[in-house]
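The exercises below are each followed by a worked solution. Please look at the sequence and the structure before reading on.

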Protein chains: 4
Amino acid sequence: MTFNESNQPYKFARHEFKKDRTVITVKGHSIGDGHLTVIAGPCSIESEEQIHSSAKIVAECGAQILRGGAFKPRTSPYSFQGLGEQGLIMMKKAADEFGLLSISEVMDTADIDLIAYYVDILQIGSRNMQNFSLLKKLGRVKKPIFLKRGMSATYKEFLLAAEYILNAGNEEVILCERGIRTFESYTKNTMDIAAIPILRELSHLPIFADPSHGTGIRNLVLPMALAAVAAGTDGLMIEMHPNPEQALSDADQAIEPQDFAKLMAQLNKVAA
Amino acid sequence: MTFNESNQPYKFARHEFKKDRTVITVKGHSIGDGHLTVIAGPCSIESEEQIHSSAKIVAECGAQILRGGAFKPRTSPYSFQGLGEQGLIMMKKAADEFGLLSISEVMDTADIDLIAYYVDILQIGSRNMQNFSLLKKLGRVKKPIFLKRGMSATYKEFLLAAEYILNAGNEEVILCERGIRTFESYTKNTMDIAAIPILRELSHLPIFADPSHGTGIRNLVLPMALAAVAAGTDGLMIEMHPNPEQALSDADQAIEPQDFAKLMAQLNKVAA
Amino acid sequence: MTFNESNQPYKFARHEFKKDRTVITVKGHSIGDGHLTVIAGPCSIESEEQIHSSAKIVAECGAQILRGGAFKPRTSPYSFQGLGEQGLIMMKKAADEFGLLSISEVMDTADIDLIAYYVDILQIGSRNMQNFSLLKKLGRVKKPIFLKRGMSATYKEFLLAAEYILNAGNEEVILCERGIRTFESYTKNTMDIAAIPILRELSHLPIFADPSHGTGIRNLVLPMALAAVAAGTDGLMIEMHPNPEQALSDADQAIEPQDFAKLMAQLNKVAA
Amino acid sequence: MTFNESNQPYKFARHEFKKDRTVITVKGHSIGDGHLTVIAGPCSIESEEQIHSSAKIVAECGAQILRGGAFKPRTSPYSFQGLGEQGLIMMKKAADEFGLLSISEVMDTADIDLIAYYVDILQIGSRNMQNFSLLKKLGRVKKPIFLKRGMSATYKEFLLAAEYILNAGNEEVILCERGIRTFESYTKNTMDIAAIPILRELSHLPIFADPSHGTGIRNLVLPMALAAVAAGTDGLMIEMHPNPEQALSDADQAIEPQDFAKLMAQLNKVAA
C-alpha cells in the first residue's frame, strides 16, 4: 500500500518525510490547520461588476478565498479564453475590498510573474498537472501552489507532480481532488472522495476537494461538498456565479448565491 | 439529465412513477424511511462459531442486518467457494438468536428457493447485475432484493437492472453503490459517492453504500462510510470479521469488531 | 508480466500447462489450427426467413459458423428478448441446410441442456463472464464454449473465468475479445486489439475477435477485422443481417450482405 | 456520429472543411500520401554514439524520420530529464549524416525557437495535449506539429487540440494515437486501434500510431504495428534503442535493432 521507492523515487511529498502536516499561512489565514477553508467564485472573471458582486457574496457567506480565471484552459479555441491581465486587476481590486485572499490559474511559464503579482495563490489546472516545465518554474515562486489532480492521474503521479514543485524549493503545495474520468457520462467527472483520506495518509500536504468540477452538475455540489468534509478534506473549491445562467463558462455547474449561502450554513453546522 | 425514454424505455424505477420514496419493511424494520440501516458481517460464513460471534457484535453495536456469503462468486475456481446450505443454516441460527435480519447472495436461478427459505433479503452481486435470467426470476420472489451496481455499470444500466425485477412484480428493490472500476489501482474500486444523490433523484428506491468493497482497504471504511452518510445514503453494508486476518475471503477490507464499534458510535453522532 | 500464481492460483488455461495450442474440432471443422474461422449472422434470430437468408449468405461467402441469439441479454426488460427454443429450431434448420456449424448464447443454467441440444457451440456473453454457476455447469457439457470477455474484465479475470470451465472438465474453450468499456463514448466499446497477442502468449486457447460489438459502428467492422487478423486472431465473429435497418437488436453495428461479401474477400487476400 | 457543431465549434480539422487529405511534405518526404512513414529511434538522446548508432539503423532499415527526446516529460523529478540543447545538436548531426528527418518533443513555450532550430518536426506529448498555450504558440511555427493524443482524451478533445494549432495558422498537424488509460494494468496503455479509421473519417489530417507507448511491452510492438497498418494508419512511431537494456528511459518498450529490421521487413511485405 505504500509507493515503491526503488521503482519511482519520491521524497518530499511523503508523510514519512515530515511528521507534522503542512500548514500554509497566507496573510494571516491558515490552510490545513484543521479548520475548513473555502475558496469560491466564478469560473471566469467576466467584468468588474461580476467579480465585485462575487467577492461580496463570498465574503458575506464567510468563505476566505476568491477564485476567478483570467487565463482559461478551454477545450475549444473558439470558447471564451479569459480577460488576461485586465481580469486579474479586476479580481485583485474586488478581493482587497472584501478582505479576501485570491487564487487564479497559470497555464504558461511566460505568465508566472504576471499572475504572481496579482494573486495570493497560483493554481495549476488538471490539464497541466504533468506540465513539468510549469511545475519546475512554480517551484521557484514564493507563493503557495494549488495543484489540481489530472483527470486520469493516479495518486502516485499526483504526488510526483507535487514533488516537482517541492523539489524545486517551494514547500507550499495544496492538493485538490476534482474528479476523474470514468466510463460514466451522466456526470462530467467521477469525484474520487477516497482520494481525500488516502492522500492525507500518504502525504503531509493539505488536500482540497472541488465538487463543482468533480460532478459538473449544480445540484450535486452540496451533497458532494458535505461528503468531502465527512471524509476529512482541508478545504473546498466551489464555483459560484452571481447569475449562473449568464456565465461565459461552466454554466451548468456554478451555483447561485443563495445556494452558496445555504451550503456555507450547512458546512458550519457539520463543522460544529 | 433525464434518461431518454423513447430511446430506452424505463418505467417503474423512475422517480416520476412514484412520488413517495419506497420504504421496505421486513419483520418490523423499515429500510429507506430516513433512518440509517446498517448491514454488517463477514464476507463468507466460515463456521458456526464465526457467524455466531459476528452476529453478537453486529447486534451489540446496534446494526440491524447480518450479512454472510454461503455461495461465493470468486474470481478463481481455486478460492474458497462458500459453505452452501450448511452456511445458511448457521447464519439463520445466529441471526435469530440476536434478533437480526439476514442477507445472503444468490448466484444461480437454481438456488433461489433454497436461499429465500433461510434469509430475509436476497442479494444480487456486482458480477450478476446484468444476469437477466436471475433478475427476472427474483422479480417473482416475495422477499426484498438487494441489487449491487455492476463494476462498470452506468446509472442507466443499474436502474434498468432494477427495472427487470420491478417489472416482474417485485417492488422491493434496494440499490447499492459498491465502487466502480477505474484506472486507479491503489484501491480495489473507486467509490462513486455521487451515485447516492443521483440515484435518489432519478429513482424512488432506497440506496445503500458499501465502503468495504468500494475501497478494498480496511482503514478507508470509516471515512467513506461517513462520506456516504453525508451524501444521503439510506444504509451501509460493512464487512466485519471477528478476526480479519484469518478471514477466508476479503481479508484486506474486513474491519475488526472494535473498529466496527467505533464506526457505529460515529454514525450515531452524525445522525444526531 | 506473468500472473502471480501464489497470489491467485491459475493452472489449466496457462500456456505452460500445455505446450501445443488447443485446436478444437467440431464436425470436421478445426478452430485454432492456423486458419481463420469466421462466425457470422444476425444478433437475434427473428424469423425463419431471416435466419435462412442469413445462413445462405454466410455459407456463400465462405464463413463456417452461423450465429444467432435465441435468449437475448438486453439492457432493458422492454427490449426484444429473443424467440427462445422456437428460434433455435429455426437456426438449426438453416445451419443444417447450408452445412454450417451454429452458435448461440446461454444465459441461465436452466437452459443449458435445451440450447446444447440445438447448437454446436455454446456462447457465454460478456455480462455473464463471471456468472460462476454458469461457468461451472458449462464445464460439464460436451460441447465447445465460446467465452466473451467481460466489458471491464482484466486478462487475468478473463483467463480465470476460462479456468472455471477447464477445471470442471471441459477443455474446449474459445476466448473472444469484444471491446472494453472506457471513457470514450463515440464508440460503443474500445476494442482492445492487444488482447489478441497477449492472450496467445499467456494461454494455449484459441482467441477470437468481435469487431461488431467491439466498436458498435457498422463501418468500423472492416478495418477492425483486418486489424485483428494482423494481430494474430484465430477467428472473427461478425454481425451480419440481411436487412440491418429492420434488425430487432444491434441495428447500428450489423453489416449488410454485400459488405460482408467484401469483408470475406479482403480476409482471403490478407490470408494469402 | 458527427460532432455537434452548435455545441462545440470545430472547423478546420474537420473532413468537410477540406475534401482532400492533408499531405505534409518535409525536405522532399511526403507524409500522408498513401505510403507508410516510419519514425524510429530512442526515447531519449543519451550520447553522441547512441544517437549516431540509432540513426544508422533507422536509415539502413528504410525508415525516414529519427526520433529522440532532449527535453523529457518524466513522471518523477528524479528521473533522467534529457540532455537539452546538447542532445538536439547530437541528433541533428546524426540525422544529417544519414539523410533522415528528425523529430523531438517541446514541453515549454520558452523552448519552441530552440527546438525548431534543430529539428524538422515538433512533437507535443500526451501530457501536453491540452497545454493550450503551447498549442497556440506552435500554431505560429513554420514546421509540422506531431500531436499525440492525451491519455484520456476523447476524439473530440483530440481534434479540438489540433484545431488550436490550425486556427493559429499552422496547417501541418499530424495526429498520433498512442494508447489510452483504462482499468487494464497488464499493459502500460490500451492502444485504441479504432481511433485510426475514426480520425481518418472525421478529419483530413494524417494519423500515426505509436505501438511502443501504446502497449509499453517490447514484444507487442510488432503485432500492434501490423494491426495499425491493417486499420489504415499513415505512419508509425517506434521506440528502438541500440541497446534497450541500458536505455535511460522506457527500457521495457524499446525494441532491439534486429527486431526493428524484422518489423520493417514485415511492413514492406504487408505494404506490397
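A crossing is called right-handed if the near helix is turned clockwise from the far one by less than a right angle, and left-handed if anticlockwise. The model is predicted, so that local features need pLDDT of at least 70 and side-chain atom pairs pLDDT 80 or more, while totals for chains, interfaces and linings use all residues. Residues are numbered from 1 along each chain as its sequence is written, chains are lettered from A in the order in which they are written, and side-chain values use heavy atoms without hydrogens and water.

**Exercise 1.** Describe how α1(A) and α2(A) pack.

Solution. Helix α1 (residues 48-60) and helix α2 (residues 85-97) of chain A pack at about 30°, with axes 9 Å apart. Angles under 35 degrees count as roughly parallel, and α1(A) and α2(A) are therefore roughly parallel to each other. The crossing in which α1(A) passes α2(A) is right-handed. From α1(A), the contact (heavy atoms within 4.5 Å) involves Glu48(A), Ile51(A), His52(A) and Ala55(A), and from α2(A) it involves Met90(A), Met91(A), Lys93(A), Ala94(A) and Glu97(A).

Methods:
Axes fitted to C-alpha atoms, helices over the stretch in contact; angles between N-to-C directions. Helix = DSSP H or I, 4+ residues; strand = E, 2+ residues; numbered from the N terminus. Parallel < 35°, antiparallel > 145°, perpendicular 65-115°, else oblique.
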